[in-house]
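Trainee: I want to go through this entry term by term. Show me the model, and let me ask what each label rests on.

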Amino acid sequence: MEKILKISGVPVTELAKQYGTPLYVYDEKRLIQQCQSYKQNFVHPDFTTEVLYASKAFSCVGMLRLIKEQDLCVDVVSMGELATALEAGIDANRIYFHGNNKTLEEINYAIEHNIYHFFVDNLQEADALKACIEKTDKVLSVMLRINPCIEAHTHEFIQTANIDSKFGISIYSRDEIKVLIQSLKTHKQIVFEGLHAHIGSQIFEKEAFIKEVQTMFSFIKDLEQDGYSCPKLDLGGGFAIHYTDQDQPIPIHEVCQTILDACAQQQVDQKTHVKTIMIEPGRSIVGEAGSTLYTIGFSKQTPHKRYLFVDGGMSDNIRPCLYQAQYDADVATQMDSRKDQKVCVAGKCCESGDVLIPEIKLQPFSQGDLLIVYSTGAYGFSMFNNYNRNLRPAVVFVKDGKSRLIVKRESLEDLLKGDVR
Ligand SMILES: Cc1ncc(COP(=O)(O)O)c(C=O)c1O
């Protein structure tokens, strides 16, 4: 094995020298492969299908240009994500607007920019949307986010469909939902298109998705019996990825087949008339394609631990602090050595909880070596924060031995730009 790790043919030392560290590095071919895998496998003779990239996982103009080239739709949850998608040249008709508390400013901005697809998350939002659209002569498509009340086996902070979830209208509020659908269907400027559900993130069990499909089809049957057709069903995202060797995610082709076969079976069993099935993968498109490079700084020994400090931390990757997310890593400049050094990888932020990996065996290292943390491509850059006024790292894409800058490293000038003096 070579001493210096290469990503897509580019030595990490070259990347660190050219762009500085911390650095978010994406393998562009891998991003494309993931998109293609969803496009090719999420197809079924009984349905039309659509794959929406959940851009919250990693949103910037460069990434969304890639999504446009791969011909995926995009889901956004804020004016910022929406503006990024538009700036990347995504067609307004291929953008879907999510969110449990869209502000009037955001709704109006979306309407102004000809966004057609809205997910309505709660009863009050439907009223707000109606009031906004009535001030125009436009028409909107609406799908309702239903909370199917399925508890997937994932961390409670990334479950989104337990009974007390803040997202969606509970499937147990059937009468309220029917009244709402009736009011949407009879509105002159709204086309009611169907239902949406999303049961959580980093889900490993096929059974959870099958349960979701069964629950939603049985609900659609109930609605159809009352005369409400639901031509579209969006089943959300949540497909798990590999962070450490304890993770065994379902391969994309299997997850797609499982979901679509379950839909086809339910369509027959429930005698429903669903035409389109949609999914919204985020993490599984970008997660494993991305890594973070850090420079190793000081280290210290305490009675029970040996700390390795890096030049980033909870500001560039808050997931370990937020929900005990686990990661694998290597000393990327000592790849030919044995991983026999037990350390705790901690960041540079003023918080005891600023630990990226509580315990890991790594290659022997010295100050100035580079550390690579794998599978940081989802919810790393997008959850960046300026705690301690740390500067946001650059983002680069690498492909076939070449790197290109996607997001510039934040400068002190950028950092201070909004401060009124
Ligand atoms: C509505 C919705 N769709 C899609 C996603 C993407 O999930 P993931 O990144 O796990 O695929 C999320 C994430 O929480 C979500 O809330």
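## Contacts and burial

Trainee: Which residues does Thr333 touch, not counting residues up to four places away in sequence?

Mentor: Thr333 touches Lys3, Ile4, Val12, Thr13, Asp369 and Leu370. A contact means C-beta atoms, placed from the backbone, within 7 Å of each other. This is a predicted model, so local features need pLDDT of at least 70, side-chain atom pairs count only at pLDDT 80 or more, and totals for chains, interfaces and linings use all residues. Residues are numbered from 1 along each chain as its sequence is written.

Trainee: Where is Thr333 found, and what makes it buried?

Mentor: Thr333 sits in the loop between strand 15 (329-331) and strand 16 (341-346). Helices (H or I, at least four residues) and strands (E, at least two) are DSSP runs, numbered from the N terminus. For burial, count the other C-beta atoms, placed from the backbone, within 10 Å: 20 or more is buried, 12 or fewer is exposed, and in between is partly exposed. Thr333 has 23 such neighbours, so it counts as buried. Thr333 and Pro11 are 322 residues apart in sequence, yet 9.2 Å apart in space, C-alpha to C-alpha.

Trainee: How do you know that Gly368 is exposed?

Mentor: Gly368 has 9 other C-beta atoms within 10 Å, so it falls in the exposed class. Its place is the loop between strand 17 (355-362) and strand 18 (370-373). Beyond its neighbours within four places in sequence, Gly368 is in contact with Thr295 and Ile296. Its C-alpha atom is separated from that of Leu86 by 40 Å.

Trainee: Gln324 is found in a loop too. Why is Gln324 called exposed?

Mentor: The count for Gln324 is 10 other C-beta atoms within 10 Å, so it is exposed. That loop runs between helix 11 and strand 15. Val139 is 185 residues away from Gln324 in sequence and 44 Å away in space, C-alpha to C-alpha.

## Backbone exceptions

Trainee: What makes Ser8 worth a look?

Mentor: Its phi is near 50°, a positive value in a residue other than glycine. Most residues other than glycine have a negative phi, and most peptide bonds are trans. Ser8 lies in the loop between strand 1 (6-7) and strand 2 (10-11). With 17 C-beta neighbours inside 10 Å, Ser8 is partly exposed.

Trainee: And why is Asn114 called exposed?

Mentor: Asn114 has 12 C-beta neighbours inside 10 Å, so it counts as exposed. Its phi is positive as well, at about 65°, although it is not a glycine. Asn114 is placed in the loop between helix 5 (104-112) and strand 7 (117-120).

Trainee: How do you know that the peptide bond from Thr21 to Pro22 is cis or trans?

Mentor: Omega is near -5°, and the bond is cis. Pro22 is in the loop between helix 1 (12-19) and strand 3 (23-27).

Trainee: Why do the buried residues of helix 3 line one face of the helix?

Mentor: The buried residues of helix 3 (residues 61-69) are Met63, Leu64, Leu66 and Ile67. Seen down the axis, they fall within an arc of 150°, so they line one face. The arc is that of the directions from the helix axis to the C-beta atoms. Their cover includes helix 2 (28-41), strand 4 (48-54), strand 5 (73-76) and helix 4 (79-87).

Trainee: Which residues come nearest the ligand?

Mentor: Of the 16 residues around it, Ala54, Ser201, Gly237, Gly282 and Arg283 come nearest. Near means a C-beta atom, placed from the backbone, within 6 Å of the molecule.

Conventions. Contact = placed C-beta atoms within 7 Å.
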